[in-house]
Amino acid sequence: MWYYEKKLQYPVKVRDCNPRLAKYLIEQYGGADGELAAALRYLNQRYTIPDKVVGLLNDIGTEEFAHLEMIATMVYKLTKDATPEQLKEAGLGAHYANHDRALFYQNAAGDPFTATYIQAKGDPIADLYEDIAAEEKARATYQWIINMSDDPELNDSLKFLREREVIHSLRFREAVEILKDERDRKKIF
Amino acid sequence: MFSQFKYWEPYISPFDPCPPIRVKSYSTPPNLYINFQPPGMPQFKTPKQALLHGTLWPDLYSPYPNPAKRGDQLE
Amino acid sequence: MNKQMPPEYYKQLEDIQAVDFVLVELTLYLDTHPNDWDAIEQFNHYAKKSKALKSEFEKQFGPLMQYGRSYSNYPWDWNDTPWPWQV
């Protein structure tokens, strides 16, 4: 089971009321390489991957939920007090018509979240390579959002999340090395 | 020591409609150069520093945006 | 009346975030390096420190966890604002 802790993993500060950034950030909330997809992908893979790397998938998957909450916090703060007029100007008019300021699991283009984002092949090497690719794609997404944002405080939190993708990618590479390892093999010659 | 960004110069046609970006770059973070983290790597001195960098180990820190842009790179 | 958290809240929270971050990093590291004695020692050191910081924080600002992982004051104070996305 899980326990909730009433704190963010990293402080999230937002300087400007800029709902347009929320529209981009939603990519990391409900997009194909976003935090929700990552959390669900890793936790789902736990059940069929060799025991030696279950702990890692469990713990990275759990950390992704903390990242999801950080992204939600950013979106919440960027839109909380924005007027319908501001939301319209930010390209969020259609979102407002459907959802008011509620968060919705969708990507930056407005496509709703889908289970097809969560790959599960059952082959441990294929799945771990998928995970490594997912981390690198998420890293790239953070880069593109940082490139479009001029809010230094928000960017500080985004840089933290980008660095976490780098670390997770390394750990998944180590998991591949662990599964490649031949120490357990019976020597027959 | 490796570099955290790589550069390349795309082909430029006289018929390209936008002003050309002559040098493009991409990020090559430290994890690409390590298959398995060796034990005992130096750590940031305080938990606060580790938190602010997003990692416990300076050698795994990947700055972004590129802190040292190449002189001929326009953006 | 609009409730505001004092600077002390943010400071203590960040101290906890820093120590807990080291614990996250070491957890992932130990998942792939289960025999690193020094890292386990460091992990246990910070696990103890985290518990101490949280017990101090909770005395002033209420429970960080529930389902019985934190004690409650009277009345039940888990619902009290601010939630993490509000601060």
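Let's start with confidence in chain B: it is lowest in strand 2, residues 24-27 of chain B, where the mean is 95, and highest in helix 1, residues 47-53 of chain B, at 98. Those are pLDDT values, and what we have on screen is a predicted model. Across the whole of chain B the average pLDDT is 92, with 91% of the residues scoring at least 70. Chain C has a mean pLDDT of 96, and 99% of its residues reach 70 or more. A friendly reminder for anyone new to this: where pLDDT is low, the predicted coordinates should not be read in detail. For the model as a whole, the scores are ipTM 0.96 and pTM 0.95.

Now, how do the chains meet? Let's take chain A and chain C. Their contact draws 23 residues from chain A and 17 residues from chain C. On the chain A side, two elements give two or more residues each: helix 4, which is 54-79, and helix 8, which is 152-180. Which of them gives the largest share? That is helix 4 of chain A, with nine residues. If you sort this side of chain A by class, you get 12 nonpolar, three polar and eight charged residues.

Next, turn to chain C and chain B. Here 10 residues of chain C touch nine residues of chain B. Helix 1 of chain C, residues 7-32, gives the most to the chain C side, with seven residues. By class, that side of chain C divides into five nonpolar, two polar and three charged residues.

Let's go back to helix 4 of chain A and look at how it packs inside its own chain. Its partner here is helix 3 of chain A, residues 35-45, and the two axes come within 8 Å, crossing at roughly 160 degrees. Why do we call this pair roughly antiparallel? Because the crossing angle is roughly 160 degrees, and angles over 145 count as roughly antiparallel. The crossing of these two helices is left-handed.

If you'd like to find the contact yourself, helix 3 of chain A brings residues including Leu36(A), Ala39(A), Tyr42(A) and Leu43(A). From helix 4 of chain A, look for Leu57(A), Ile60(A), Phe65(A), Leu68(A) and Ile71(A), among others. Glu35(A) and Glu64(A) take part too. By class, this contact between helix 3 and helix 4 of chain A has 10 nonpolar, three polar and two charged residues.

Key: Residues are numbered from 1 along each chain as its sequence is written. Chains are lettered from A and ligands numbered from 1 in the order in which they are written. This is a predicted model: local features need pLDDT of at least 70, side-chain atom pairs count only at pLDDT 80 or more; totals for chains, interfaces and linings use all residues. pLDDT is the predictor's confidence in each residue, from 0 to 100. Helices (H or I, at least four residues) and strands (E, at least two) are DSSP runs, numbered from the N terminus. Two residues are in contact if their C-beta atoms, placed from the backbone, lie within 7 Å. Ala, Val, Leu, Ile, Met, Phe, Trp, Tyr, Cys and Pro count as nonpolar, Asp, Glu, Lys and Arg as charged, and the others, Gly among them, as polar. Axes are lines fitted to C-alpha atoms, for helices over the stretch in contact, and angles run from 0 to 180 degrees between N-to-C directions. Angles under 35 degrees count as roughly parallel, over 145 as roughly antiparallel, 65 to 115 as roughly perpendicular and the rest as oblique. A crossing is left-handed if the near helix is turned anticlockwise from the far one by less than a right angle, and right-handed if clockwise.
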